[in-house]
Amino acid sequence: METIQITRHNGVGWLKWNRPEKLNALNETLLKEATEAMKGLVADEDVRVIVLVGEGRAFSSGQDLTIEGDADYGTYLEDVYHPLVRALESCKKPLIAGIHGVVAGAGLSLALAADVRIVARSTKFSSAFIKIGLVADAGGPYHLKRLMRPDLALSWMWSGRTIDAEQAERFGLVTELVEDDAYTRALTEYAEALAKQSPVAVEGMKALFRTESFEAGLEEEIQWQRKCGQTEIHRQAMHAFLTKK
Ligand code: T3D
């Protein structure tokens, strides 16, 4: 792969944007390679948790702005962005974004698709879209209004402002804010600890947190708890408790 890097370690699959010289600006090659990589990581049974990160000094500076011409952005979104956005959204494994440096525009949209965001304190969050006369896209508006107050999200997107990580945390976009020098360790520890949990319980938990309706939630928790109750990890944990081990 030319623009991304994939590594696997201790049950964690790392998908790293790898265009550091352009602050991981998202071009067509990167977006297509990332879509393929996601399929591979999702299918790999040894990968329990997937982490998105950026090489170099940024998570991502958003859409690669050096592409010129009269492209039809609608078609580009449909053909190039949306397959990746869908691969992220449909991922049943935990998806973590490790964010440092800068996260801008469509890069922000991709980060918002993750289940949790571990963020280095010096990170800048840029709502850059409006500054180049575009609407927020790549699933960004959907996730923003899911994660934060819709009026604040809309107002931020209208402003084109860059905010710091503390403000992003107040907005509800940060799961864990860590000091810069502790960021890589905190991210790795979080992902590897999650990869050690029961995979059935982890997947079930994610599914249940995404269920919208109360009744459907009750029905689904029956199915998941039935499945979890039959796992070896649960049996062993119960046995250990009852035998005071
Ligand atoms: O198709 C669709 O519909 C999807 C649409 C999506 C829209 C968006 O994603 S809008 C958001 C686009 N992104 C931006 O507006 C951010 C642009 N970048 C910047 O404003 C600055 O680079 C930063 C504030 C992020 C960082 O500034 P600084 O001074 O730390 O670094 P730099 O020197 O500007 O950047 C380093 C290099 O990365 C530089 O290249 P060079 O000159 O060394 O060869 C710069 O041109 C390049 N770079 C940074 N961002 C992008 C980029 N190249 C292409 N596209 C970028 N987005």
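## Two strands side by side

Strands β5 and β7 (residues 124-126) run parallel to each other and are joined by three bridges. A quick word on terms: strands (E, at least two residues) and helices (H or I, at least four) are DSSP runs numbered from the N terminus, and two strands pair if DSSP finds at least two bridges between them. What you're looking at is a predicted model, where local features need pLDDT of at least 70, side-chain atom pairs count only at pLDDT 80 or more, and totals for chains, interfaces and linings use all residues. Residue numbers start from 1 along each chain as its sequence is written.

Within that pair, Val102 sits opposite Lys124 of β7.

Angles here run from 0 to 180 degrees between N-to-C directions, and axes are lines fitted to C-alpha atoms, for helices over the stretch in contact. As for contact, two residues have it if their C-beta atoms, placed from the backbone, lie within 7 Å.

α3 also meets helix α4 (residues 140-147): their axes come within 9 Å and cross at roughly 55°. That angle makes α3 oblique to α4. (Under 35 degrees counts as roughly parallel, over 145 as roughly antiparallel, 65 to 115 as roughly perpendicular, and the rest as oblique.) The α3-α4 crossing is left-handed, meaning that the near helix is turned anticlockwise from the far one by less than a right angle; clockwise would be right-handed.

Who does the touching? On the α3 side it's Leu108, Ser109 and Leu112, and on the α4 side Gly140, His143, Leu144 and Leu147. The residues of this α3-α4 contact split into four nonpolar, three polar and no charged. Here Ala, Val, Leu, Ile, Met, Phe, Trp, Tyr, Cys and Pro count as nonpolar, Asp, Glu, Lys and Arg as charged, and the others, Gly among them, as polar.

## The six-stranded sheet

There's another open sheet, with six strands in the order β1-β2-β3-β4-β6-β9 and mixed pairing. At its edges stand β1 and β9 (176-178); each has a single partner strand, so one side of each is left without a neighbour in the sheet. On average, neighbouring strands of this sheet are turned by 20° against each other, direction ignored.

Start at the β1 end. Strand β1 (residues 4-9) pairs with strand β2 (residues 12-17) in the antiparallel sense over six bridges, and Ile4 faces Trp17 of β2. The two strands form a hairpin with two residues between them, and Asn10 in the turn has a positive phi of about 50°. Next along, β2 pairs with strand β3 (residues 49-54) in the parallel sense, over six bridges. Trp17 turns up again here, opposite Gly54 in β3.

Helix α7 (residues 183-196) lies across β2, β3, β4 (95-99), β6 (116-120) and β9, and runs at about 165° to β3.

## Helix pairs

Helix α1 (residues 28-43) and α2 have axes that come within 9 Å and cross at roughly 30°. The two are therefore roughly parallel, and α1 passes α2 in a left-handed crossing. Among the residues that make the contact are Leu31, Ala34 and Met38 of α1 and Val80, Leu84 and Leu88 of α2. By class, this α1-α2 contact has nine nonpolar, one polar and three charged residues.

Helix α8 (residues 199-210) and helix α9 (residues 214-229) pack at about 180°, with their axes 10 Å apart. They are therefore roughly antiparallel. Their contact includes Val200 and Leu208 of α8 and Trp224 and Cys228 of α9. It divides into six nonpolar, two polar and three charged residues.

## Around the ligand

Which residues come nearest to the ligand? Of the 21 around it, they are Ala25, Ser61, Gly62, Gln63 and Gly105. (A residue is near a molecule or strand if its C-beta atom, placed from the backbone, lies within 6 Å of it.) The elements that give two or more residues to this shell are α2 (73-89), β5 (102-104) and α3 (105-112). α2 gives the largest share, three residues. By class, the shell has 13 nonpolar, five polar and three charged residues.
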